[in-house]
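Work through the exercises below with the sequence and the model in view. Each task is followed by a solution in steps.

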Amino acid sequence: MKAFSIILASGSAYRRELLGRLGLPFQSWSPDVDEKALPGESPRETAIRLARSKANAGGAAHPQSLVIGSDQVAELDGLPLGKPGNRENAVAQLRSMRGRTVHFHTALCLLNAATQRAQERLVTTPVEFRPLEDAEIERYLDREPAFDCAGSAKSEALGISLLSRQGGDDPTALVGLPLIALSEMLRSEGIAVP
């Protein structure tokens, strides 16, 4: 195994927990990246650009490291759904998604900062929400205030009860870090996974 330090360019506790599953030593570092979409940018393009920007920022700060950048943008009817930030916005988001399919675009960029080799992947997970009643939305948010999650629901916890179907090839992508793709990328850089 090559001697690289691995940097997770993210302040997300969800991504830290996911990366920890691979059993590799890593450090978390929070990049200062403006996460607003650019005019005319699709949710998919936003996710990819932000993952790349986070990895590049991490590479500038940690020039001899493998830097992982990731971002997720939820999309409904071609429009992005961000993190709600508060209960009122979460209720509105969940109401807009009931009985509908939302696409969660999770972008991943692994940058070898020493060689400037970057690998990118976009993993899209279609998620179908049940036709939720207002009382169910309120009960859910009482028990799990998912205000820091795009789409206002944590599929890895109680939020799974709001769904009728989840597609995709990698269940970790929906939580925020596609470990199947990341493992492949790390192996291509000489990191033994497992």
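The chain of this predicted model exposes about 9300 Å², and carbon and sulfur atoms supply 51% of that area.

**Exercise 1. Describe the overall build of the chain.**

Step 1. Start with the secondary structure: the chain has 6 helices and 7 strands. Read along the sequence, they follow the pattern β-α-β-α-β-β-α-β-β-α-β-α-α.

Step 2. Compare the radius of gyration with the globule rule. The chain has a value of 17 Å, close to the 16 Å that the rule gives for 194 residues, so it is as compact as a globular protein of that length. The C-alpha trace spans about 55 × 35 × 25 Å along its principal axes.

Step 3. Turn to burial and contacts. Of the 194 residues, 48% are buried. Among contacts between residues at least 6 apart in sequence, 67% join residues at least 24 apart.

**Exercise 2. Find which residues of helix α3 are buried, and what covers them.**

Step 1. Helix α3 takes in residues 87-97, and its buried residues are Ala90, Val91, Gln93, Leu94 and Met97.

Step 2. These residues lie on the same side of α3, because they cover an arc of only 165 degrees around the axis. An α-helix has 3.6 residues a turn, so residues three or four places apart point the same way.

Step 3. The cover over the buried residues of α3 includes the strands β3 (65-76), β4 (79-81), β5 (101-112) and β6 (117-129), as well as helix α4 (134-143).

**Exercise 3. Decide whether Thr46 is buried or exposed, and list its contacts.**

Step 1. Thr46 belongs to helix α2, residues 43-61.

Step 2. The cut-off for buried is under 20% relative accessible area. Thr46 has 5% relative accessibility, so Thr46 counts as buried.

Step 3. Setting aside neighbours within four places in sequence, Thr46 is in contact with Ala37, Glu41 and Val73. Glu35 is 11 residues from Thr46 in sequence, and their C-alpha atoms are 8.3 Å apart.

Conventions. Residues numbered from 1 in each chain as written. Predicted model: local features only at pLDDT ≥ 70, side-chain atom pairs only at ≥ 80, totals over all residues. Heavy atoms only, no water. Helix = DSSP H or I, 4+ residues; strand = E, 2+ residues; numbered from the N terminus. Rg over C-alpha atoms; globule rule 2.2 N^0.38 Å. Buried < 20%, exposed > 50% of the residue type's maximum accessible area, 1.4 Å probe, protein only. Contact = heavy atoms within 4.5 Å. Areas by Shrake-Rupley, 256 points an atom, 1.4 Å probe, with all protein chains shown as cover. Arc of directions from axis to C-beta.
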